[in-house]
Amino acid sequence: MVGLVVVSHSRPLARAAVALAAEMTKGRPLAVEIAAGLDDLDEQTYGTDALAITEAITAADSGDGVVVLMDLGSAVLSAETALELLDDEVREKVVLCPAPLVEGLIAATVAAASGAGRDEVAAEAMAGLAGKESQLGPAPSSASPSLPQEHDGLSATVTVSHPHGLHARPAARLVAEARSFDGALVQLRNATTGSGWVPATSLSRVATLGALQGHDVEIRASGVRAREALGRVAALVVADEASLSTGAVGPTAASPGVAVGPAVHLRETPINLPDHPSLGPEPERQRLTQALDETRRAIAQIRSAEPGIFDAHLLLLDDLVPAADSLIAQGLPAPRAWQTATTDLAADFDSLTDPYQRARAADVRAVGDQVLRALIGAPAPAVTTDAPTGDDAPPAAAGGGVLIAADLTPARAALLDPSRVAGVLLAAGSPTSHAAILIRTRGLPAVVGAGPDVLDIPAGTEIALDGTAGEFAVAPPPPVLASFRERASHEAALRTAARSHASEPAVTVDGVTVAVGANIGDVGDARAAAANGADLAGLVRTEFLFQDRATAPGVDEQVAVYRRIAEALGGRRVTLRTLDAGSDKPVPYLPAPAEANPFLGVRGLRLSLLHPDVFADQLLAVVRVAREAPVSLMFPMVTTVDELRRARLLLDEAVARDGAGRPPDLRVGMMVEVPAAALRAADFVPYADFLSVGTNDLTQYTLAAERGNAALASLASGLDPAVERLVGEVCRAAGDRVPVAVCGELAADERAVPRLLAAGVRQLSVAPALVPLVKQTVRCVEVPR
Ligand code: PEP
Ligand code: MG
């Protein structure tokens with residue numbers, strides 16, 4: 001990315017200008033350095049220092065060049081002196097730009113953040129006054145050339161709905177979007193004022209349109225992906241600011257894919273308890289037992305969608321029974337007894353201080369309702385078009401509607417019927433919530449965190465939703481709708497092709513083979529991985545065997561389960577990750593002290609090293625299975641080389657305990673999830689056969705944004721350049737000596753895959769259902785050499 005340097009006599013002035021410019025590129029990375037004032041500590045001194053400018057240029061330079069903007073007088077002289085102080089090689093990449101400081105900086109930051117080259121960034125800065133000129137009268141010296149009238153591409157006219165018109169922020173977003181379509185030429189004009197055409201890729205020129213709310217803006221596009229570009233730009237002219245995902249909290253991608261359909265709402269039929277007296281403890285107990293059996297069967301049917309979540313629900317049912325039983329014994333009918341027991345337990349959870357424990361109240365209510373409905377024969381909440389006729393409401397349109405809800409319980413998410421629901425739009429929620437995980441498992445596109453206003457969208461209103469980009473449009477005009485439909489048909493074609501080539505290897509356009517593995521949470525996942533053509537199990541989260549039980553699984557039990565996983569994978573390599581628990585994923589028999597920050601606490605390998613007996617048993621089980629199948633052993637949350645060495649010594653002890661020598665095909669590697677480990681990857685390489693980057697944790701630690709925190713969902717993006725840089729660092733350190741894999745969610749992101757492969761990653765591991773699509777994505781990539 002091109003770096004920017006602001007040279008000013010006044011540090012507060014430079015700071016304020018940079019803050020204003022950053023506001024235009026919210027959420028996107030910038031490389032802006034300040035050289036201002038004469039004293040770092042004293043904000044009151046005025047002046048410029050050539051040495052400070054050279055330092056700022058060096059700091060801003062990431063190899064793509066630097067544009068320097070200055071205020072006036074000696075700032076220019078100091079900048080010229082600074083140039084002379086630089087090495088030739090750096091100097092060649094620097095442009096001293098005579099643009100106006102504030103307007104120039106704003107235009108330059110938008111262009112730089114969108115990936116424009118050095119000269120284009122400088123040219124954008126130079127044109128920074130164009131907006132003002134068009135409003136106040138043109139300055140002859142900088143009149144912009146008008147674009148030709150004739151055109152042979154696609155066009156559309158849309159009306160601006162931003163209350164403040166196409167002002168700086170929406171315009172900056174639009175320009176960034178237009179720039180992302182490399183081979184497309186997109187132009188705009190204000191049809192209401194009769195303006196000339198301007199390129200959609202220039203912030204300074206778009207600002208000259210003076211497009212206010214209600215103005216008609218004509219858009220034309222030609223070249224590669226012209227239709228898509230036209231739709232995206234049109235959507236940004238039309239969209240109101242609430243639906244723009246700007247990097248702050250707002251609509252967030254939660255499950256990939258595109259859906260278009262009428263709005264449907266989740267109808268909650270209230271549970272009205274009948275006023276029958278108890279038939280006596282025995283019959284009431286029998287009723288409850290039947291309802292519990294029915295609920296357990298229902299949960300068993302959906303359990304495979306996310307075993308961890310639903311096993312916890314089953315355990316909650318067991319916890320509730322004694323309380324309900326004793327109320328039945330006191331003379332309450334079963335429904336009333338059950339309702340009282342669940343309400344009491346949910347209230348107990350509600351009163352806890354730990355947020356993780358408090359969140360269990362929702363699980364209690366969810367399973368409690370399920371049993372209650374079974375007890376009184378009430379229908380489950382239904383998806384409806386909310387037609388005034390209530391229960392006679394027709395089903396959603398063929399192909400399904402877009403389900404709108406405040407949030408979803410896991411059971412409801414798991415039961416969404418893809419033949420009735422095309423996509424999901426949630427007012428609240430986060431991409432890492434239980435509901436989002438289950439929606440992804442069902443393959444439904446979803447956007448979460450869309451805000452409470454979406455609950456007021458009348459049923460039947462057309463909704464277009466892109467769960468990959470995290471965008472949605474309400475009653476979109478034809479060009480916007482066409483763009484969403486185009487994306488939908490592109491994805492449908494991709495899925496069909498992906499399915500038919502699932503079992504073939506993933507080879508890039510230029511012949512690089514990439515192993516695409518599956519992340520596995522139980523034996524069922526292993527079967528799904530094989531059925532979806534996974535080349536290996538790149539990550540087996542062995543926690544599933546350790547959680548929700550009173551004692552640790554023994555060696556034999558572990559061997560049996562790992563063996564079943566290996567058998568289900570039919571000879572493919574199985575990467576068994578040792579227990580990754582901690583107070584974020586608690587296991588009762590490995591108690592950890594209460595921690596203020598569980599994600600920064602005793603988790604992963606740290607916990608295993610504190611409990612060598614449990615660890616030793618797991619290592620022994622892995623060694624035994626490694627004699628029968630190709631196994632890789634992987635340690636989670638490694639921070640220091642010493643930890644890795646200690647883990648390897650314990651492995652040696654397990655091999656000795658087993659007594660049959662080291663299994664020849666056993667590979668030993670580690671996850672890179674902690675920035676310190678990524679930065680020191682070279683130090684780990686001598687002790688590892690492979691490195692696997694866990695981008696879920698690496699992202700949260702790099703950006704200091706907890707992965708489960710809905711308010712930080714858009715900040716905690718694996719696409720952030722800081723994460724990319726760390727992955728690059730790991731690949732550089734690994735070189736040809738050990739292979740690098742990525743097994744976090746990022747590995748399934750089609751935007752990330754080309755970058756990961758370019759960095760040197762040669763193995764990706766993703767949810768089993770996503771393996772075919774990821775292979776197809778790899779097949780479209782060309783790896784730069
Ligand atoms: C990761 O952190 O990216 C990872 C794959 O591990 P988990 O999601 O199990 O923490
Ligand atoms: Mg992790």
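**Talking through a predicted model**

Student: Is Glu-491 buried or exposed?
Tutor: Glu-491 counts as buried, because its relative accessibility is 16%. Buried means under 20% relative accessible area, exposed over 50%, and partly exposed in between, with a 1.4 Å probe and protein chains only.

Student: What should I know about the model and its numbering?
Tutor: This is a predicted model, in which local features need pLDDT of at least 70 and side-chain atom pairs count only at pLDDT 80 or more, while totals for chains, interfaces and linings use all residues. Residues are numbered from 1 along each chain as its sequence is written, chains are lettered from A and ligands numbered from 1 in the order in which they are written, and side-chain values use heavy atoms, leaving out hydrogens and water.

Student: Where is Glu-491 found, and what is it in contact with?
Tutor: Glu-491 lies in helix 18 (residues 478-500). Helices (H or I, at least four residues) and strands (E, at least two) are DSSP runs, numbered from the N terminus. Apart from neighbours within four places in sequence, Glu-491 is in contact with Gly-257, Val-258 and Thr-468; contact means heavy atoms within 4.5 Å.

Student: Which residues does Gly-467 touch?
Tutor: Not counting residues up to four places away in sequence, the partners of Gly-467 include Gly-257, Pro-445 and Val-447. Gly-467 sits in the loop between strand 15 (462-466) and strand 16 (471-474), and Gly-467 is buried, at 4% relative accessible area. Gly-467 and Val-258 are 209 residues apart in sequence, yet their C-alpha atoms are 6.0 Å apart in space.

Student: New topic: what is the order of the four strands in the open sheet?
Tutor: The order is 2-1-3-4, with parallel pairing. Two strands pair if DSSP finds at least two bridges between them. Strand 2 (32-36) and strand 4 (94-97) are the edge strands, as each pairs on one side only. Strand 3 (residues 66-70) is joined to strand 4 by four bridges, and Leu-69 stands opposite Cys-97 in strand 4.

Student: Which strands does helix 1 touch?
Tutor: Helix 1 (residues 11-24) packs on the sheet, touching strand 1 (3-8) and strand 2, and its direction makes about 160° with that of strand 2. Helix 6 (residues 118-126) also packs on the sheet; its direction makes about 5° with that of strand 4. Axes are lines fitted to C-alpha atoms, for helices over the stretch in contact, and angles run from 0 to 180 degrees between N-to-C directions.

Student: How do helix 13 and helix 15 cross?
Tutor: The axes of helix 13 (residues 334-350) and helix 15 (residues 360-376) come within 8 Å and cross at roughly 175°. That is why helix 13 is roughly antiparallel to helix 15. Angles under 35 degrees count as roughly parallel, over 145 as roughly antiparallel, 65 to 115 as roughly perpendicular and the rest as oblique. Among the residues that meet are Trp-338 and Phe-349 in helix 13 and Val-364 and Leu-372 in helix 15.

Student: And strand 12, how many of its residues are buried?
Tutor: Five of the five residues of strand 12 (residues 401-405) are buried. Five bridges join strand 12 to strand 13 (residues 421-426), and the two run parallel. Ala-405 stands opposite Leu-426 in strand 13.

Student: What about the chain overall?
Tutor: The chain has 29 helices and 25 strands. Of its 785 residues, 52% count as buried. The C-alpha atoms fill a box of roughly 95 × 70 × 55 Å, taken along the principal axes.
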